[in-house]
Amino acid sequence: MGNMISFNHRVTKDDDSLTMSNGLTDILLDYLLLSGSQLAQTESEKRMTVFLGEKVQSCCGIGTVGFAITDMPWQPETFAADRSFLLHMTAHASALTLQPEIHALLGYVPRKEHINYALDGFAALIARMTAADIQPEKPAEWLTRATPDHPIYHGYPKCRRHGILLSSLGCKICIDQSGKYPVMPEDIEHMKHLWYGDAAPQGADTNESTQ
Ligand SMILES: [Zn+2]
């Protein structure tokens with residue numbers, strides 16, 4: 001059991017698909033999210049980051065968050081900039097893995113050889129992406145699933161505790177640390193209406209992280 005990030009789902013034996021344990025998948029995503037959320041400036045960069053923020057095993061199921069690089073919301077107009085951004089995201093994530101304040105924020109210290117394997121594998125897959133590989137329907141497909149209350153339509157809010165861009169699921173790190181979904185720490189109180197509208201149930205804002 002584990003997760004795979006492939007280039008385009010056409011996986012062959014011993015190709016460059018990135019296979020990871022469930023635990024390493026979470027570690028990779030945590031660092032990519034922290035990094036991408038610090039770096040993203042443009043709409044498409046933020047979308048790429050939020051796409052990764054939806055890969056939450058504690059919501060979607062353990063071992064079910066694999067995807068293909070070509071599934072990401074690439075668009076021809078911003079392709080070169082977005083690929084550069086994702087490579088920069090990966091390099092900056094590598095730097096973050098050495099920072100004690102990030103270890104404290106996440107509550108764990110990644111094993112260097114493991115996280116480097118994952119970051120290197122992810123970067124290699126991104127580097128392989130060309131404009132010719134863009135599947136034009138992918139951004140629309142992804143956006144079709146985004147309901148009007150999706151954070152991408154509300155100014156790309158970030159978790160105040162972890163600084164990561166919120167996805168439709170909220171903050172991956174808050175969810176993982178609290179073991180609860182949906183999670184509504186007071187830090188993202190301002191997001192509550194996005195999930196519950198005016199009918200917020202009693203106690204919906206009490207899922208405080210126990211960290
Ligand atoms: Zn958070």
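Of the 211 residues in the protein chain, 35% count as buried, where buried means that 20 or more other C-beta atoms, placed from the backbone, lie within 10 Å of the residue's own, exposed means 12 or fewer, and partly exposed is in between. This is a predicted model, in which local features need pLDDT of at least 70, side-chain atom pairs count only at pLDDT 80 or more, and totals for chains, interfaces and linings use all residues. Residues are numbered from 1 along each chain as its sequence is written.

The protein chain has 9 helices and 3 strands; these are DSSP runs, H or I of at least four residues for helices and E of at least two for strands, numbered from the N terminus.

Now to α6, residues 112–128. Which residues of α6 are buried? They are Ile115, Ala118, Leu119, Phe122, Leu125 and Ile126. In general, an α-helix has 3.6 residues a turn, so residues three or four places apart point the same way. The face of α6 turned away from that side carries exposed Lys112 and Glu113.

What do the buried residues of α6 pack against? The partners are β1 (3–6), β2 (18–20), α1 (22–39) and α4 (79–96), with contact meaning C-beta atoms, placed from the backbone, within 7 Å.

Definitions and conventions
The expected span of a helix is 1.5 Å times one less than its number of residues. Two residues are in contact if their C-beta atoms, placed from the backbone, lie within 7 Å.
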